[in-house]
Amino acid sequence: MAKAFKYGSRGITGSLHSAERKLLRDLFADIIHMLEERAELHRLPEGLDPLYALTGMRPADLELPPIGDPALARLLPDASDDPQVAREHRRLTESDLIGEKIGRLREAQFLLETDKIVLDPAGARRFAQALNDVRLVLSERLEIRSEADSERISQINDAKDVTTPEEYLGLVYNLVSWVQDTLMHALMNAEY
């Protein structure tokens, strides 16, 4: 059974049951896969000016295709309501953002190799960001758009009552939310 994260003399510590750790590792892997597929679109063609390769910037005339998956769009949102500004910002920053997210998700996967997780404040923030990426994807899949939707999902809390894929996703969403919530409370205690 999971134990809430707490702040103490050894840092921010928590523990998860092996099945919970496996579930989270698999969720992190799924998000990494989504991001890696998008990262492939950032590969620059051969024969391009080497400056682009050095900077990682994409030439303005090589537009990225729009994001078709709403869950991926939640992870990589537009930076502006102005389509031209959003495209330019995406062209200049999306590759770096993907790399940062993948790095945090891989670190989080590694941390889940043991049942006891020990974090310093910086590591706790990165772990919380990885959990938040999972929550963003799950909330999109569950079509959480309002407080009423959140309330409906929060009522799913017993695995023996789960009968549909949506209810299972809701149960997973609630677990991830609980882990993130306890982590954030421990982090706030560590920072005061």
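Modeller: Beyond its neighbours within four places in sequence, F28 is in contact with L105, A108, Q109, L112, F127, A130, L131 and V134, contact being defined as heavy atoms within 4.5 Å. This is a predicted model, in which local features need pLDDT of at least 70 and side-chain atom pairs count only at pLDDT 80 or more, while totals for chains, interfaces and linings use all residues. Residues are numbered from 1 along each chain as its sequence is written, and side-chain values use heavy atoms, with hydrogens and water left out.

F28 and F127 have the most contacts inside the largest nonpolar core, a set of 48 residues. Such a core consists of buried Ala, Val, Leu, Ile, Met, Phe, Trp, Tyr and Cys residues joined through side-chain atoms within 4.5 Å. Two or more residues of this core come from each of α1, α3, α4, β3, α5 and α7, and α7 supplies the largest share, 10 residues. In soluble globular proteins, nonpolar side chains tend to be buried together.

Helix α1 covers residues 18-40; helices (H or I, at least four residues) and strands (E, at least two) are DSSP runs, numbered from the N terminus. The 23 residues of α1 should span 33 Å at 1.5 Å a residue, and its end C-alpha atoms are 33 Å apart, which agrees; the expected span is 1.5 Å times one less than the number of residues. Among the buried residues of α1 are E20, R21, L24, F28 and R38, where buried means under 20% relative accessible area with a 1.4 Å probe, protein chains only. The cover over the buried residues of α1 includes α3 (70-75), α4 (83-111), α5 (121-141) and α7 (165-191).

Three strands form an open antiparallel sheet in the order β1-β2-β3, strands being paired if DSSP finds at least two bridges between them. The edge strands β1 (3-8) and β3 (116-119) each have a single partner, so one side of each lacks a neighbour in the sheet. From one strand to the next, the twist averages 15 degrees. β1 and β2 form a hairpin with two residues between them, and K3 stands opposite S15 in β2. Both α5 and α7 lie across β1, β2 and β3. α5 runs at about 120 degrees to β3, whereas α7 runs at about 10 degrees to β1; axes are lines fitted to C-alpha atoms, for helices over the stretch in contact, and angles run from 0 to 180 degrees between N-to-C directions.

Definitions and conventions. Buried means under 20% relative accessible area, exposed over 50%, partly exposed in between (1.4 Å probe, protein chains only).
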